[in-house]
Amino acid sequence: MPVEVTWWGHATCTVEDSGVRVLTDPLFVGRLAHLRRRRGELPPPEAAVAEAVVVSHLHSDHLHLPSLSRLAPGTRLIVPRGAQRAVPGLRRLHGLRITEVAPGDEVAVDGLCVRAVPALHDGRRLPVGPHRSPALGYVIRGAVRTYFAGDTGLFDGMAEAVGPVDVALLPVGGWGPFLGHKHLNPDRAARALAALAPHSAVPVHYGTYWPIGMDAIRPHEFHSPGDEFARKAARLAPKVAVHRLGHGESVRPEVAP
């Protein structure tokens, strides 16, 4: 098959299309501030090997400077417009080729095309500062079209903004027990899936990090989103093959012949 997806946990995935590796929102630590990795081993060193890396927005669990520092010199790093101004530490990541994008922009990567698309999410670096950057998703187009949604809510015109896709990597939860409308829970993710109508989907962004000391607070929000999404997707988008991966597992999703 022409594409392989590996889920490393949270929003971190490797999409390999036509022999070119694109890494999404790398997060390679066991603890981040008040969050602890509760499931899955830390990604191995080879997880940081990629021709390009895409960052969906500036929150520190998606734009994580220590994880980005593990990338090899020469790696293309694609970030939202204004990221280098909002996060000065990006400019200290020597050797990376940083490209800032806004919705609609395209970047060529070794025969692939990476297109930035809108997302409904707060894209600012927190705590709140004076600079704003858009939250983004990305469509990686090679032999197939793979949509990485980043962190987003369900919004009007989502399918039109993203365009036709073959594989969708959709967030179905988060790192805490309370999700607002600018996130996809399993129900909203299934409705997004029905609108996008890809051939295959992989749920991500759940069951990895959880706040320290909150293990007993709504634990189903940590453990169950993947299965719940699969059940709802079977009802709302029955033609889509849903692949629920474990941490570090890979799949070669079904696409149209």
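Are W210 and F222 buried or exposed: which is it? W210 is buried, and F222 is buried too. This report on a predicted model starts from that pair and then moves to other features.

## Aromatic pairs

The structure holds two aromatic pairs. A pair of aromatic rings is described by the distance of the centres and the angle of the planes. Take W7 and Y206. Their ring centres lie 5.4 Å apart, and their planes meet at 20 degrees. Planes under 30 degrees apart count as stacked, so W7 and Y206 form a stacked pair.

W7 sits in strand β1. Y206 sits in the loop between β14 (200-204) and β15. W7 is buried, at 1% relative accessibility. Y206 is buried as well, with a relative accessible area of 2%.

The other pair is W210 with F222. It is edge-to-face, with 5.4 Å from centre to centre and 70 degrees between the planes. W210 belongs to strand β15, and F222 to helix α5 (residues 220-223). They are 12 residues apart.

F222 has a further contact. R38 lies over the face of the F222 ring, at 4.6 Å from the ring centre.

## A three-strand sheet

Strand β15 also takes part in a sheet. Three strands make up this open sheet, in the order β4-β5-β15. The pairing is antiparallel. At the edges are β4 (31-32) and β15 (209-211), and each of them pairs on one side only.

Look at β4 and β5 (residues 35-37). Two bridges join them in the antiparallel sense.

## Two positive phi angles

Most residues other than glycine have a negative phi. H10 has a positive phi of about 55 degrees, although it is not a glycine. H10 lies in the loop between β1 (3-9) and β2 (12-17). It is buried, at 2% relative accessibility.

D110 is not a glycine either, and its phi is positive at about 50 degrees. D110 is found in the loop between β9 (106-109) and β10 (112-118). Is D110 buried or exposed? D110 is exposed, because its relative accessible area is 57%.

## The largest pocket

The largest pocket holds about 410 Å³ of space. It is lined by 22 residues. The closest to its centre are H59, D61, L126, W175 and H183.

What classes make up the lining? Nine residues are nonpolar, eight are polar and five are charged.

Note on methods:
Residues are numbered from 1 along each chain as its sequence is written. This is a predicted model: local features need pLDDT of at least 70, side-chain atom pairs count only at pLDDT 80 or more; totals for chains, interfaces and linings use all residues. Side-chain values use heavy atoms; hydrogens and water are left out. On a 1 Å grid over the protein atoms alone, a cavity is a set of points where a 1.4 Å probe fits but cannot get out, and a pocket is an open set with protein on both sides within 12 Å along at least five of seven lines; lining residues have an atom within 4 Å of a point. Grid points are joined across faces, edges and corners, and a volume is the space filled by probe spheres set on the points. Ala, Val, Leu, Ile, Met, Phe, Trp, Tyr, Cys and Pro count as nonpolar, Asp, Glu, Lys and Arg as charged, and the others, Gly among them, as polar. Helices (H or I, at least four residues) and strands (E, at least two) are DSSP runs, numbered from the N terminus. Buried means under 20% relative accessible area, exposed over 50%, partly exposed in between (1.4 Å probe, protein chains only). Two strands pair if DSSP finds at least two bridges between them. Rings of Phe, Tyr and Trp (its six-membered ring) pair if their centres lie within 6.5 Å; planes under 30 degrees apart count as stacked, over 60 as edge-to-face and the rest as tilted. A charge sits over a ring if NZ of Lys or CZ of Arg is within 6 Å of the ring centre and within 35 degrees of the ring normal.
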